Every structure is written in C-alpha cells, then in structure tokens.
Amino acid sequence: MDGIQPPSSTPPRAAPWNDPVIRGYAFQIVVFGGVIALGWWLVANTLENMARQNIASGFGFIVQESGFDIGDTLIDYSPADSYGHAIWVGILNTLRVALIGIVLATLLGTLIGIGRLSTNWLLAKICGWYVEIIRNIPLLLQLFIWYKLITLYSPGPRQAASIGNVFISNRGVQFPVPKADPSHMWMGIALLLGIVLSFFVARWAKARQAATGQQFHTVWASIGLILGLPLLVFVGSGFPLVWDVPELKGFNFAGGVVLLPEFFALLIGLTVYTAAFIAEIVRAGILAVNRGQSEAAAALGLRPNTAMRLVILPQALRVIIPPMTSQYLNITKNSSLAIAIGYPDIVAVLNTTMNQTGQAIEGTALIMACYLTVSLSISLFMNWYNKKIALVER
Amino acid sequence: MLRRTIIAAAAATITAFVAGQAMAGAKLDAIKSRGEILCGVSTGLAGFSIADSQGKWTGIDVDVCRAVAAALFGDANKVKFVPLSAQQRFTALQSGEVDVLSRNTTWTQQRDTALGLNFTGVTYYDGQGFMVATKLGVKSAKELNGATVCVQPGTTTELNLADWARSNKVDIKPVVIEKLEEIEQAFFSGRCDAYTTDASGLAATRASKAPKPDDYMLLPEIISKEPLGPAVSHGDDQWADLIRWTFNALVEAEEYGITAAKVDEMKKSDNPGIKRLLGVTPGLGKNLGVSEEWAANAIKAVGNYGEMYERNVGKASPLKLDRGLNALWSKGGIMYSPPVR
C-alpha cells in the first residue's frame, strides 16, 4: 500500500455483505420475517390455549338467536333475531350518533371558532373560556355529568313537560311523527330528484356565469326544487297526513318516536367536547389566511360576506380540512364510550354478545373491523374533499 | 461479539415463550408455588363480595376463596381479590388473570361448555326478581307491560328478562349499563320503572344503596333459576376438586354441627364421619394433594356453611335473607353435599 493507485474506470465491487443494496434488502427481509413469525406465534399460541380449554371459536354464533333485547333500535329487532342482526342494530346506532354528532359539532365548533375571533370582547372571551374548559375535562366525565343531569332533573313520564304534542321526561323526548303512507315513498323519490336537478342547475348556472357574466339565483332555485317537488307529490296525492301522537299509557308513552336520554347524553357530550377542538381548528384556519387577501377583496369591491365566502373560506378550508378529518374520526371512535351510560352502540352490543357466547377474540375482531371500516370511509371521503379544494397550480 | 449476543438473546426469548406454554398445565402446583390464590370477585355486591373502607373484603363468595386458601395453605389470608365487572369476568378467568371466579355467577350449560369453564358446585341458590318503587303501585311483575327496566349487560339476568317478556307477552324496554353502581343510580333516579337482578342482589341493593329502603319493594315473582357458584378453567381438574370439596366440607360441617369455634373439640368425636372430615382419620387430604387438616382449617377460617350464610346474607347481616332453598336438605332446603369420604 504505497503510493496512489491509478483510478479504475469502475469502482471495485464490494463483497455482498458490504453492498448497501443487498444489505437493505436483507434487513427488510429479516424484519418482515420477524413480524410474520411473531404474528404466527401469537395466533398459534392463542388457538392452542383455546383448544386446550375447550373454548368455542369461529363466527358460527352470528346466525344463532341472540336472546337479549336492545333498548334503542333504528330497525325492527327482537330477542328472537340473530346475533348478526343485533350487531347490525349496534352499527346503525353508532353511525347515527356519530353522523349527527359530526354535523352538530361542525356547526357549533365553527360558530365558536369565529366567535373567538370576534371584535366583541365579551363574545370572544366566552368562546375562549368554552374551549379551554371543555377540552380540558375528560370526555367520559362529561358524559356522566350530562347523563346524570338529564336523568336526575327531568320529570317522570307521568309529570312529563309538554310542548304541544312533544313530551319531555326522563324516558326521553317523545314527539309525534306522520303515520306511514304509500305516498311517502313517492315524496322521497321526488326529494332525491330535486337534489339531483338542483345539482345540474348549479352546474349550468356556473357555466353560464363564466361565459356571460350573468348571475342566477341558484340557492332559491335549489330550495324550490328540493322542497317543491315533494310538496307537489304531497298535494297531488290528497294531503295524506295522519299524525302518530304519543300518549301516556301505563308506565310510559306509546306512539310517536322517542329519543332516549342515553342518546341525548351521548350526542350532547360528543358534540360539546369535539366542538371545542373544531373551534380551534377553524380559528387557526381563518388566521392562516393572509390579511392582504381580505383587503384585496375589499379593494375589488366585494362585500364582507361575499369576500368571506369567495376569498377567505376557500383558502381557510385548505388548512381546516386535514385536522378536521381527525376530529371526525375522534367523534366516531369516542362514541364507543356509550357503554358507560347505556347507549346500545356497536361496542355495547358486541360486549354482551361476547359475554353470552364467550367468544371474546371474535367479538373484539368484529369491533375493530367495524371501526376500521367506518373510520377509513370517513378518511377516504375527507381526503377526496381535501383534494378537490386543494390549491390547483396552473 | 454483538452478533453472538443477539443470537443468545433470541434463543433466550424463544425458550421463554416455549416455557410459558408448557407451564400452564398444572394449575394447583402453580398456585402452590405462588403461595397465593387469585380470586375474581364482583366490584361490590353486599353479602357476596364487597370491600369496606379499609379494603377488607366480606361476603359468601369471598369466604369461599378464603376457605380454599385455608385448606390449601393453612392460612385464609393468602388470597388476592380481583374485582371484575360482569363483562370482564370470563375473559379474566380464561386468560388466567384469576385462578377462580367466585363472583355470584350463574351456572349455565353455555358457560360450562362453550366458554370453557368448569363450575365446582352451587354455593347459593338464587332466582331473578324485580324491584320497583312502592309509589308505582305495582303488585306483580305481569303488570310491568310497557315498563322500562334497568339491567346489567352480559348476565343471565339480561337473557332471562328477554325470555320472560317474550313468553308472557309483556313489552319491556331495557336500559343496559355496564357498571353496577351506574345502573343502580339510574334506577334510583327514576330512569327505570323496575330494576331486575338476582333476588339476593336486589335485597342487597335495597338495603345498602337505596336512599330510603322502604320506598322500594321486591315483586313476588321469581322468574328464573340462578344457581351461583365458583368456576375454574377447563383442564384445571385437581384445582377444581379442591374448591368443590372444600365447599362440600363446609356444608357437611353444618350437617355434623361443627362450627368454627368447636373444630378442635369435635376432633375428639367418636363419629367416624367427623373423624374423616377433620383429618383425625387420614386419607381425604392426601386425595386432594393438601394437608390432612384441610377441612379443619377451612371451617376454622370461615365457619360452616350455615355460619357463613347467617354472617353474610342472613339474620346477622343487613340483607336479612331467609335460608329458603339454601337450607340444608334435612331442613327443607336443597343444599346438599355428596358424601365427603
């Protein structure tokens, strides 16, 4: 090794164990193999232990009769139905509270987020305090508080407070609904038709404005289509409206539709809690838009609400949407706290199922699969929406 | 050097896994070498298993575990009580988190087979009842049509309620909350018209949790059979034997009139049955793989079944439950021990 070697045209080939590419592959294969082996060991060990204790396994229980009742169902259900049907009831209950919660939390959160930016000192402080207090108390505690407030301070069914034909008691809010009629299906179809038509009207109006500069009252036309078409069907089929009014019968109200205290407590708890987080996201989004943007909009002669709608919000949404997705997922997952206050969501139903059948692993797997499906669906939708409103570089 | 360390660590880990699997076999030996029984109990049901402000557990289910500890170790305090909700209990037993589940648990075919449990006997014959507010003016459970009923999930109670409502064409709306304290609170706050669970549990709740016990009453109907008893996992046969026969010894002791205070005195008895039970004539202890003093120790620790009953749920307790079905077979009940011989 004396002197400088002449530079060779190709670098000398390293030994295979020193080659970074081969090394990279080797390590990945080892890690991958390790993960597979660990997974295999967990599954094999579990199966062996279960076989040793003669614990039943498999998903055969899904078609067996459940034998337990559920207090709050969106679809018909009785204890004679299968576990699978009971689980479906649970999934619908989870979706119901999650979807309504998402809508309400978004509305409340947006109002509070904008309120915190208000120039009105009192309003800004109240909104600030709301955020700081609510988001620093654990959700489970808040659910207990709401549930206790509702059950302790609402009257019994015989002393129910009534507003017209709506009755409020510790059995829930009971309100009248129209009795089913064949024409309702046609009204539903008319409603869908109205939504589809107003979508096309909006597209046409936009194209026309781009081409000629003429504006069109899209909002009013849409409202007219969406409400007017079902109304036409309603009038055309001769006002088929009979109310199913709740009445006190024995212990409870019969007739109408009831929203149970457990549902209310969970919905209020989730909405109030998540709204605090959404408020901060909205505030951050609005603050992220450069002040020059609103000044420029004003200089162009746009009115403040038009500027907000056409200039500020589209830019703020780009900041708002990604963290908002996380909050929507949080609402969905936090709804599993329902079991603490007796709302029969998917977790509550599957917990009972696991206990009756003893098949904890299958039950837990089903719970995970349900939440994964719902969460991924929300994620997919929000990612699609995010891409749609994202900055398009020209 | 590093490589060798990694290989050694991997080998050690694999050995540990394999060893972990092989160890799970003989439960009784594992408990002996641990020197303590892990006993799964409820989160707080007066008369069966409830902890006081000092953390001392009392109740029939608790005493069963203490008696087994006395039989096995000669010391009734070698028990660690693990409070479990109705939902957690079977998983805790299946996964080996507790050695025995002594938690007012009903013996059913499903649990004895598909859940992989072995029940070791019946320590309390119970039945499901209803509690309502007196001011409701209900005299029979059949009048509960349209009523809202509070019930705990994951229990036979929940299933019995659905069965009973179906067969009697009574429309019932269940409110199902996991935690016992929460469901009781929901009932007392008026969220439900009735609360249903085992009759003993209703008496316990009424006596210890109701704001004013006289404002609440139990309805006369008993709608189910609820034989409560301890359970162990499938495969732990020797361990199951010890629990089964320790409890039987307590029942047998009541038949012979052996009380906690009189154990040593009764050892001098001429009755061959008593001599066998108390280990004066050896043999029974060896069969179980424990000391010959096993039954004597168990009786000294918790008394015979009658003493245990009266102290926890009977006349000497706030529950004031009659012996009823739980009286000895010779005194009009169905509590009966196979011959301890």
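Predicted model: local features only at pLDDT ≥ 70, side-chain atom pairs only at ≥ 80, totals over all residues.

Start by colouring chain B on its own. Chain B carries 14 helices and 14 strands. Its radius of gyration comes to 22 Å, close to the 20 Å that the globule rule gives for 341 residues, so chain B is as compact as a globular protein of that length.

As for handedness, H9(B) passes H13(B) in a right-handed crossing.

Now show side chains at this crossing. From H9(B), pick B:Thr246, B:Ala249, B:Leu250 and B:Ala253; they meet B:Ala295, B:Ala298 and B:Ile299 of H13(B). Sorted by class, this contact has six nonpolar residues, one polar residue and no charged ones.

Next, switch to chain A. Here you'll find eleven helices and eight strands. The radius of gyration of chain A is 29 Å, well over the 21 Å that the globule rule gives for 394 residues, so chain A is more spread out than a compact globule. Along the principal axes, its C-alpha trace spans about 105 × 75 × 45 Å.

For a helix pair in chain A, select helix H2 (residues 83-116) and helix H3 (residues 121-134). Their axes are 7 Å apart, and the helices pack at an angle of about 125°. H2(A) and H3(A) are therefore oblique to each other. Which hand does the crossing of H2(A) and H3(A) have? This one is left-handed.

Zoom in on the residues that touch. H2(A) brings A:Ile112, A:Gly115 and A:Arg116, while H3(A) brings A:Leu123, A:Ala124, A:Cys127, A:Gly128, A:Tyr130 and A:Val131. That contact of H2(A) with H3(A) divides into six nonpolar, two polar and one charged.

Time for some strands. Chain A has an open sheet of four strands in the order E1-E2-E3-E8, paired antiparallel. At the edges sit E1 (161-163) and E8 (257-259), each pairing on one side only. Ignoring direction, neighbouring strands in this sheet are turned by 20° against each other on average.

Within that sheet, select 166-169 and 172-175 of chain A: these are E2 and E3, which run antiparallel and are joined by three bridges.

Last stop: bring both chains back and look at where they meet. How many residues does each chain put into the contact? Chain A gives 36 residues and chain B gives 36 residues. On the chain A side, the elements giving two or more residues are helix H1 (20-52), helix H4 (139-153), strand E7 (252-254) and helix H10 (346-357). Of these, highlight H10(A), which gives the most, with six residues. Colour the chain A side by class and you get 15 nonpolar, 17 polar and four charged residues.

Note on methods: Residues numbered from 1 in each chain as written. Chains lettered and ligands numbered in written order. Left-handed = near helix turned anticlockwise from the far one by under 90°. Contact = placed C-beta atoms within 7 Å. Nonpolar A, V, L, I, M, F, W, Y, C, P; charged D, E, K, R; others polar. Pairing = 2+ DSSP bridges. Axes fitted to C-alpha atoms, helices over the stretch in contact; angles between N-to-C directions. Rg over C-alpha atoms; globule rule 2.2 N^0.38 Å. Parallel < 35°, antiparallel > 145°, perpendicular 65-115°, else oblique.
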